Amino acid sequence: MFHAILPVGPLQCNCSIIGDEATREAMVIDPGDDIEDILAIIAKQNLRVQQIVVTHAHIDHVGGAMKLRAATGAPILLNQNDYALLKMLDVQAAWIGMASPGSVEIDRSVSTGDKVSAGTHTAEILHTPGHTEGSICLYFAPEKKLIAGDTLFAGSIGRTDLPGGSTQKIMRSLHDTVLSLPDETEVVPGHGPLTTIGEERESNPFLAKR
């Protein structure tokens, strides 16, 4: 598996480019900004983007999706519970003082039970509401890799004070879904350094048993 993690945009969202080194098929997760840099990696690795997956509809994760779709022809996937947040991109842009990306069109909704693939590498979609209503994670079981969006961070969890956020829901998502994964699972958060499920289970102040 080819996996490049590229911090993009003013909030340094972790954009993942995942490719199959045999078929050269790829997916891009959370193309928030800096699409030229993402396309440069895709071109260098001779990858063909099959889908663009967005973990949730905050501007720092979805802001560059339409540009990437225009460049690659790949469909944009997002959970439908975040469609309302998509309509607020102008407002979100004003919150963080950046230009609005304009409207974003979603080609398909994805939720728990759905699968997305880059060649032979297949991820299971996990609907993990809490940071937003439509937040999802992508779990690559054979590789023991979780793309967690803003649900889980190294030493922290996603904030719940923005529209669509719920502390009760994120804790349920974390305990019932995310922490059910094996301890050795590598976690790629939406921002910041990588971690593992085991590390977060033991030491994350929001999750560790008291």
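Just after helix α1, N46 takes a positive phi of about 55 degrees, where helices (H or I, at least four residues) and strands (E, at least two) are DSSP runs, numbered from the N terminus. The model is a predicted one, in which local features need pLDDT of at least 70 and side-chain atom pairs count only at pLDDT 80 or more, while totals for chains, interfaces and linings use all residues. Residues are numbered from 1 along each chain as its sequence is written, and side-chain values use heavy atoms, with hydrogens and water left out.

**Helix α1**
- In α1, I35, I38 and I42 are buried, a term that stands for under 20% relative accessible area, with exposed meaning over 50% and partly exposed in between (1.4 Å probe, protein chains only).
- The packing partners of the buried residues of α1 are β1 (2-8), β2, β3, β4 and α3, contact being defined as heavy atoms within 4.5 Å.

**Strand β3 and its neighbours**
- Strand β3 (residues 25-29) has four of its five residues buried, so the strand is largely enclosed by the rest of the structure.
- Strand β2 (residues 13-19) runs antiparallel to β3 and is joined to it by four bridges, two strands being paired if DSSP finds at least two bridges between them; the bridge partner of S16 in β3 is I29.
- The hairpin of β2 and β3 has five residues between the strands, and in this hairpin R24 takes a positive phi near 70 degrees.
- Strand β4 (residues 48-53) runs parallel to β3, with five bridges joining the two, and A26 stands opposite V49 in β4.
- From β3 the chain crosses through helix α1 (residues 35-44) to β4 in a right-handed β-α-β crossover, right-handed meaning that, with the strands pointing away from the viewer, the path from the first strand over the helix to the second runs clockwise.

**Helix α3**
- Helix α3 (residues 65-72) has A65, L68 and R69 as its buried residues, and seen down the axis of α3 they fall within an arc of 100 degrees, so they line one face of the helix.
- K67 and A70, on the other side of α3, are exposed.
- The buried residues of α3 pack against β3, α1, β4, α2 (59-62) and β5 (76-78), and just after α3, G73 takes a positive phi of about 80 degrees.

**The loop at G165**
- G165 is found in the loop between β12 (156-157) and α6 (167-176), and at 27% relative accessibility G165 counts as partly exposed.
- Although G165 and T132 are 33 residues apart in sequence, they are 4.8 Å apart in space, C-alpha to C-alpha.
- G165 is in contact with G130, H131 and T160, leaving aside its neighbours within four places in sequence.

Key: The arc is that of the directions from the helix axis to the C-beta atoms.
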